[in-house]
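Please walk through this protein chain with me, moving from its overall dimensions to its sheets, its core and a few individual residues.

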Amino acid sequence: MYQQMIFVNLPVNDLDASKKFFTQLGYSINEQFSDESAASVVISDTIVAMLLTKQKYGGFTKKEIVDATKSSQVLLCLSAESREKVDELVDNAIAAGGSATGETQDHGFMYGRAFDDLDGHTWEVVWMDPAAVEG
């Protein structure tokens, strides 16, 4: 059965530093789709973050590339299998050079935290109680 995928393209200032950051979070780089201007970060079977140098990213748009440390256009959100996995991923991101952002959200049935990566892109990590989702 076909599974639709998402490829999130993100401009980065330092491709090597960004690759190191995401591998420190436990993700792998698909070398088949990576080169000196791009890195394919495999988040899951259906989610890939394409880290692109600003020059490479600029080849895909005529729009100004914003500084994500000063402006926000998108919030990326990943699910986690437990509260502990939320904390683990966010804590690893902070240890790898990212920064905590926003407040911890704890609604009992839903728990989430967020971090900014090295380039200021905000990643939210959320766990939801499966019983609450089923409804």
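## Overall build

Of the 135 residues that make up the chain, 36% count as buried, and this figure, like every other one given here, belongs to a predicted model. The accessible surface of the chain comes to about 8,600 Å², with carbon and sulfur atoms holding 49% of that area. Taken along the principal axes, the C-alpha atoms fill a box of roughly 45 × 40 × 30 Å. Among the contacts with a separation of 6 or more, 51% are made by residues 24 or more positions apart.

The chain contains four helices and eight strands, which follow one another along the sequence in the pattern β-α-β-β-β-α-β-α-β-β-β-α. Its radius of gyration is 16 Å, close to the 14 Å that the globule rule gives for 135 residues, so the chain is as compact as a globular protein of that length.

The strands can be followed through two sheets, beginning with the one that holds β1. Here four strands form an open sheet in the order β1-β4-β3-β2, and the pairing is mixed. Because β1 and β2 stand at the edges with a single partner strand each, one side of each is left without a neighbour in the sheet. Strands β3 and β4 run antiparallel and are joined by five bridges; within this pairing, Ala 38 has Leu 52 of β4 as its bridge partner. Helix α1 lies across β1, β2, β3 and β4, and it runs at about 155° to β4.

Is Ser 37 buried or exposed? Ser 37 has a relative accessible area of 15%, and because the cut-off for burial is under 20%, Ser 37 counts as buried. If residues up to four places away in sequence are not counted, Ser 37 touches Leu 15, Leu 51, Leu 52, Thr 53 and Lys 56. Glu 31, by contrast, has a relative accessibility of 54% and counts as exposed, since the threshold for that class is over 50%. The C-alpha atom of Glu 31 is separated by 38 Å from that of Phe 109, a residue 78 positions away along the chain.

The other sheet is also open, with four strands in the order β5-β8-β7-β6 and mixed pairing. Its edge strands are β5 (75-79) and β6 (99-106), each of which pairs on one side only. On average, and with direction ignored, neighbouring strands of this sheet are turned by 20° against each other. Helix α3 (residues 83-95) packs on the sheet, where it touches β5, β6, β7 and β8 (122-128), and the direction of α3 makes about 10° with that of β7.

Within this sheet, β6 and β7 (residues 110-116) run antiparallel and are joined by five bridges. Thr 101 stands opposite Ala 114 in β7, while Ala 100 stands opposite Phe 115 in β7. The two strands form a hairpin with three residues between them, and Gly 108 in the turn has a positive phi of about 80°. His 107 lies in the loop between β6 and β7 and, at 45% relative accessibility, counts as partly exposed. The C-alpha atoms of His 107 and Met 128, which are 21 residues apart along the chain, are separated by 9.4 Å.

Which residues have the most contacts inside the largest nonpolar core? That core has 27 residues, and those with the most contacts inside it are Phe 22, Leu 25, Tyr 27, Val 41, Leu 51, Phe 115 and Trp 123. Two or more residues are given to this core by each of β1 (6-12), α1 (15-24), β3 (38-42), β4 (47-53), β5, α3, β7 and β8, and α3 gives the most, with four residues.

Notes. Residues numbered from 1 in each chain as written. Predicted model: local features only at pLDDT ≥ 70, side-chain atom pairs only at ≥ 80, totals over all residues. Heavy atoms only, no water. Pairing = 2+ DSSP bridges. Axes fitted to C-alpha atoms, helices over the stretch in contact; angles between N-to-C directions. Contact = heavy atoms within 4.5 Å. Rg over C-alpha atoms; globule rule 2.2 N^0.38 Å. Buried < 20%, exposed > 50% of the residue type's maximum accessible area, 1.4 Å probe, protein only. Areas by Shrake-Rupley, 256 points an atom, 1.4 Å probe, with all protein chains shown as cover. Core = buried A, V, L, I, M, F, W, Y, C linked by side-chain atoms within 4.5 Å.
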